[in-house]
Amino acid sequence: MIDWLDEVLPPVFPATSKALNEPNGLLAAGGRVSPLWADSAYRKGIFPWNDPGEARLWWSPAPRAVITAESFHLPRTVRKLLRREQLSISCNLAFDSVIQSCAQPRDYESGTWICDEIIDCYSRLQRAGRAFSVECWDTDGYLCGGFYGLTIGSAVFGESMFSRRSNASKLAFATAAPILFASGVTLIDCQMKTDHLGQFGLIELERKAFEGILQKATEQPLQLMLPGWLA
């Protein structure tokens with residue numbers, strides 16, 4: 001059994017140690033997604049995710065997939081792609097378009113977890129300087145890929161990516177990640193391991209280790225000031 005969270009009460013989550021092993025990380029249901037709830041959840045390593053039509057679900061999987069300032073690296077193949085592809089990379093120039101693009105159903109699924117509530121929450125966070133987008137543009141000025149995420153202190157929480165051209169989201173991340181780490185970011189939370197991000201130095205941490213470095217990161221007084229054009 002998992003706890004049901006009352007959306008009219010302040011956000012109080014169960015201890016993450018209560019998360020289920022199967023499905024991995026399921027912690028609670030109910031509540032709502034708002035800037036206050038998101039801030040409270042992410043500081044504890046908890047995030048919302050559910051299929052359309054389901055009750056709101058909250059997760060804290062273990063192990064946790066992260067990229068740290070120490071583990072990050074750019075593979076040689078990605079460096080070659082960055083030199084070869086004629087793409088421009090920007091930050092926060094098209095947040096609404098990025099999150100709407102991420103919300104579009106993929107070819108292999110019928111729905112999306114990025115509902116109107118999620119879009120409203122992260123759009124408000126972006127206007128407050130707490131969320132950001134990275135955009136990938138082709139030579140015709142077409143938005144062909146990108147991703148968005150949330151920042152708390154020196155922690156970045158990657159939320160979703162999209163690509164309308166091969167390698168677009170990969171190159172957006174490859175361009176932005178070194179700038180994020182150079183700006184003082186110490187941790188990028190990727191939630192679950194994927195081949196897409198595994199090549200960038202992704203590591204998996206057990207719950208206690210992850211929550212330890214997460215607490216330190218979120219308590220750092222870092223305000224990211226990213227340029228409009230990254231490359």
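**Helices and their packing**

Author: Helix 5 has 15 residues, and its first and last C-alpha atoms lie 22 Å apart, close to the 21 Å expected at 1.5 Å a residue. Please keep in mind that this is a predicted model.

Reader: Is helix 5 mostly covered or mostly uncovered?

Author: Helix 5 is mostly covered, with twelve of its 15 residues buried. Among them are Ala168, Leu171, Phe173, Ala174, Leu180 and Phe181.

Reader: And what follows helix 5?

Author: Gly184 follows helix 5, and the phi of Gly184 is positive, near 115°.

Reader: At what angle do helix 2 and helix 5 cross?

Author: Helix 2, residues 76-84, and helix 5, residues 168-182, cross at roughly 100°, and their axes come within 10 Å. Helix 2 and helix 5 are therefore roughly perpendicular to each other.

Reader: Which residues meet there, in helix 2 and helix 5?

Author: From helix 2, Val78, Leu81 and Leu82 meet Lys170, Leu171, Ala174 and Thr175 of helix 5. By class, this contact has five nonpolar residues, one polar and one charged.

Reader: Let us change topic. How do helix 3 and helix 4 pack?

Author: Helix 3 covers residues 95-102 and helix 4 covers residues 116-127; they pack at an angle of about 155°, with axes 11 Å apart. That makes helix 3 roughly antiparallel to helix 4, as angles over 145 degrees count as roughly antiparallel.

Reader: Is that crossing of helix 3 and helix 4 left-handed or right-handed?

Author: The crossing of helix 3 and helix 4 is right-handed.

Reader: Which residues of helix 3 and helix 4 meet?

Author: On the helix 3 side they are Phe95, Asp96, Ile99 and Gln100, and on the helix 4 side Ile118, Ile119, Tyr122, Ser123 and Gln126. Five of the residues in this contact are nonpolar, three are polar and one is charged.

Reader: Which residues of helix 4 are buried?

Author: Ile118, Ile119, Cys121, Tyr122, Ser123, Leu125 and Gln126 are buried in helix 4.

Reader: What do the buried residues of helix 4 pack against?

Author: They pack against helix 1 (35-42) and helix 3, and also against strand 3 (47-48), strand 7 (131-137), strand 8 (143-152) and strand 9 (155-163).

Reader: How far apart are the end C-alpha atoms of helix 4?

Author: They are 16 Å apart, which agrees with the 16 Å that its twelve residues should span at 1.5 Å a residue. Just after helix 4, Gly129 has a positive phi of about 80°.

Terms used: Residues are numbered from 1 along each chain as its sequence is written. This is a predicted model: local features need pLDDT of at least 70, side-chain atom pairs count only at pLDDT 80 or more; totals for chains, interfaces and linings use all residues. Side-chain values use heavy atoms; hydrogens and water are left out. Axes are lines fitted to C-alpha atoms, for helices over the stretch in contact, and angles run from 0 to 180 degrees between N-to-C directions. Helices (H or I, at least four residues) and strands (E, at least two) are DSSP runs, numbered from the N terminus. Angles under 35 degrees count as roughly parallel, over 145 as roughly antiparallel, 65 to 115 as roughly perpendicular and the rest as oblique. A crossing is left-handed if the near helix is turned anticlockwise from the far one by less than a right angle, and right-handed if clockwise. Contact means heavy atoms within 4.5 Å. Ala, Val, Leu, Ile, Met, Phe, Trp, Tyr, Cys and Pro count as nonpolar, Asp, Glu, Lys and Arg as charged, and the others, Gly among them, as polar. The expected span of a helix is 1.5 Å times one less than its number of residues. Buried means under 20% relative accessible area, exposed over 50%, partly exposed in between (1.4 Å probe, protein chains only).
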